[in-house]
Amino acid sequence: IFVSTSVKAIPEQISDQISQNSSQKNTNFRSTFKPPKQNKPKFTIGGSTRGNTCDRNQKENNEITALVPESDQSLTMQQHPSFFVYVSPMNGEKSAILVVKDETEDYYYSQQLMIPAAGGVIKMTLNEDAPPLEVGQSYDWFLRIQCNTTLQPEDPQISATITRVEGNIPSMTPEESVLFFTNSQIWYDSLNSAFELSKSGQDLYWSQLLSDIEMQRFVVQ
């Protein structure tokens with residue numbers, strides 16, 4: 001089940017219940033991305049020690065995880081790429097902030113968004129009015145969820161890296177697109193292409209990419 005939101009800066013959400021019944025157009029698809037090292041991706045767990053936290057039942061800690069491989073594989077060809085995270089269910093819709101910056105903070109852009117209470121895998125696309133990412137430049141991106149009326153140190157947050165590389169993107173079908181980006185080792189664009197195919201029931205690409213970086217727990221069997 002796919003849900004489109006009308007809230008600006010959260011273009012789409014994919015639920016935990018991805019259909020497994022649709023036919024796949026390329027059963028031989030294999031990706032070659034490496035799983036993240038122990039300290040990548042970085043993530044923190046929101047606590048439930050005081051006040052109203054994001055916890056749905058006040059017993060389990062919140063989780064927010066960036067769906068990325070090793071940092072040297074975290075590439076894009078896009079000026080305004082899409083980022084993906086997993087967020088555990090929360091006790092209500094929450095405000096969040098997405099920040100993208102370079103090492104010197106000469107490039108610094110932030111955008112507000114809302115995270116649905118159901119959580120799941122969330123797609124976030126850098127707004128078109130944001131300065132475009134530059135070829136050859138590496139950036140850090142951060143997502144922080146605001147559990148209460150103001151940000152607190154224990155609020156869930158995540159950080160990961162992205163590097164834009166140069167390349168000519170040919171005119172392609174959706175299936176050709178995911179194969180092109182995967183063969184080119186362009187993670188962010190591979191995952192985005194796979195996400196788009198999943199919305200039409202072609203789940204193999206999404207499942208294989210996440211399994212290849214040992215994040216198959218985000219794929220319903």
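Because it is predicted, local features need pLDDT of at least 70 and side-chain atom pairs count only at pLDDT 80 or more, while totals for chains, interfaces and linings use all residues. Residues are numbered from 1 along each chain as its sequence is written, and side-chain values use heavy atoms, with hydrogens and water left out.

Let's start inside. Helices here are DSSP runs of H or I, at least four residues, and strands are E runs of at least two, numbered from the N terminus.

Now the aromatics: nine pairs turn up across the whole structure, where Phe, Tyr and Trp rings (six-membered ring for Trp) pair if their centres lie within 6.5 Å. In one, F84 and F195 have ring centres 5.2 Å apart and planes at 55°, so the pair is tilted, as planes under 30 degrees apart count as stacked and over 60 as edge-to-face. F84 sits in strand β6 (residues 82–87) and F195 in α2, 111 residues apart; both are buried. Ring pairs also join F83, W141 and Y188 into a cluster.

Finally, helix α1, residues 174–183: its buried residues are E175, S177, V178, F181 and T182. Just after α1, Q185 takes a positive phi of about 60°. Thanks, everyone!

How values were computed: Buried means under 20% relative accessible area, exposed over 50%, partly exposed in between (1.4 Å probe, protein chains only).
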